[in-house]
Amino acid sequence: MPDIVARLRAAGCVFAEDEAELIVATARTPGELAAMVERRVSGQPLEHVLGWAEFCGLRLVVEPGVFVPRPRTRFLIEQAVALAREVPGTPVVLDLCCGTGAMGAALAAGLARPAELHAADLDPAAVRCARRNLPGGHVYEGDLYEPLPATLRGRVDLLIASPPYVPSGSVGLLPPEARLYEPRVALDGGDDGLDLVRRVIERAPEWLAPGGHLLVETSARQAAETVRAVELAGLVARAAGSDELDATAVIGTLP
């Protein structure tokens, strides 16, 4: 164990002792332990090395090469849970750009009653993870709304989305763990970072139920432009943020 901690610390891992404990606890054989340490020392994200990520108190499957759920996204989930509790009956939830399905899983776990859960993503590896993390949900592979069943139109009470919102010119400034080991399609949001965000917003009204809510993760710098896009789509919009989590969400409600 001390040797593993020393190697992780030399590789720049800030929480070397904690990471070493997790790797040791996860490895099933000495050979697997050695391989996992090598992968982490080479710079791979800890979650890819372990095969799981902790998010909102859940342990979620994360394959190598997929987007790792971020702690800041907990803020959006907290907003969504509060809104879902106001929905009579069984809430219908759509997790768009779902990645590993972390947001949908956390939202479902935060409710005191069952939810009808749907999720979609373009990345086949992410979809594989989401199907394991959302065993009671419906997970579709495809571009945004395209793979969704037509019967879902006009029924969604909560549409949650964390599309890529990093401007293309800033992707190269991301930490190596993201830049080198996560798919660019999950990071690059176009020139101003809002290409995918706008596409999510534009078609949201046709899928939302009356009074349904769209919650989109963005940055504080992009919040005003995102609010404008939500208003242009015909939704009543507001922005919310958390300084503690450095998180921003724009919420739109269908009148």
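Student: Which residues is H48 in contact with, leaving aside its neighbours within four places in sequence?
Tutor: This is a predicted model. In it, H48 touches R39, V62, E63, P64, G65, V66, V68, Y181 and E182.

Student: Where does H48 lie?
Tutor: H48 belongs to helix α4, residues 46–50.

Student: Is H48 buried or exposed?
Tutor: Look at the relative accessible area. Buried means under 20%. H48 has 3%, so it is buried.

Student: What does the side chain of H48 reach at 2.7 Å?
Tutor: The backbone oxygen of V66. V66 is also one of the contacts of H48.

Student: How do I describe two packed helices?
Tutor: Give the angle between their axes and the distance between the axes. Take α9 (residues 195–207) and α10 (residues 223–232). Their angle is about 25°, and their axes are 9 Å apart.

Student: What does that angle say about how α9 and α10 run?
Tutor: Angles under 35 degrees count as roughly parallel. The two helices, α9 and α10, are therefore roughly parallel to each other. The crossing of α9 past α10 is right-handed.

Student: Which residues meet where α9 packs on α10?
Tutor: From α9 come V197, R198 and I201. From α10 come E225, T226, A229 and V230. Sorted by class, this contact has four nonpolar residues, one polar and two charged.

Student: Where is C97, and is it buried or exposed?
Tutor: C97 sits in the loop between β3 (92–96) and α6 (102–110). Its relative accessible area is 18%, so C97 is buried.

Student: What about phi of D246?
Tutor: D246 is not a glycine either, and its phi is positive, near 55°. Find D246 in the loop between β8 (236–242) and β9 (247–253). D246 is exposed, with a relative accessible area of 58%.

Student: How far apart are L180 and G43, in sequence and in space?
Tutor: Count along the chain, then check the C-alpha atoms. L180 and G43 are 137 residues apart in sequence. In space, their C-alpha atoms are 8.9 Å apart.

Student: Where is L180 found, and is it buried or exposed?
Tutor: L180 is part of helix α8, residues 176–181. With a relative accessible area of 54%, L180 is exposed.

How values were computed:
Residues are numbered from 1 along each chain as its sequence is written. This is a predicted model: local features need pLDDT of at least 70, side-chain atom pairs count only at pLDDT 80 or more; totals for chains, interfaces and linings use all residues. Side-chain values use heavy atoms; hydrogens and water are left out. Axes are lines fitted to C-alpha atoms, for helices over the stretch in contact, and angles run from 0 to 180 degrees between N-to-C directions. Helices (H or I, at least four residues) and strands (E, at least two) are DSSP runs, numbered from the N terminus. Angles under 35 degrees count as roughly parallel, over 145 as roughly antiparallel, 65 to 115 as roughly perpendicular and the rest as oblique. A crossing is left-handed if the near helix is turned anticlockwise from the far one by less than a right angle, and right-handed if clockwise. Contact means heavy atoms within 4.5 Å. Ala, Val, Leu, Ile, Met, Phe, Trp, Tyr, Cys and Pro count as nonpolar, Asp, Glu, Lys and Arg as charged, and the others, Gly among them, as polar. Buried means under 20% relative accessible area, exposed over 50%, partly exposed in between (1.4 Å probe, protein chains only). A polar contact is a pair of N or O atoms within 3.5 Å; within protein, one must be able to donate a hydrogen and the other to accept it, and residues adjacent in sequence count only if both atoms are side-chain atoms.
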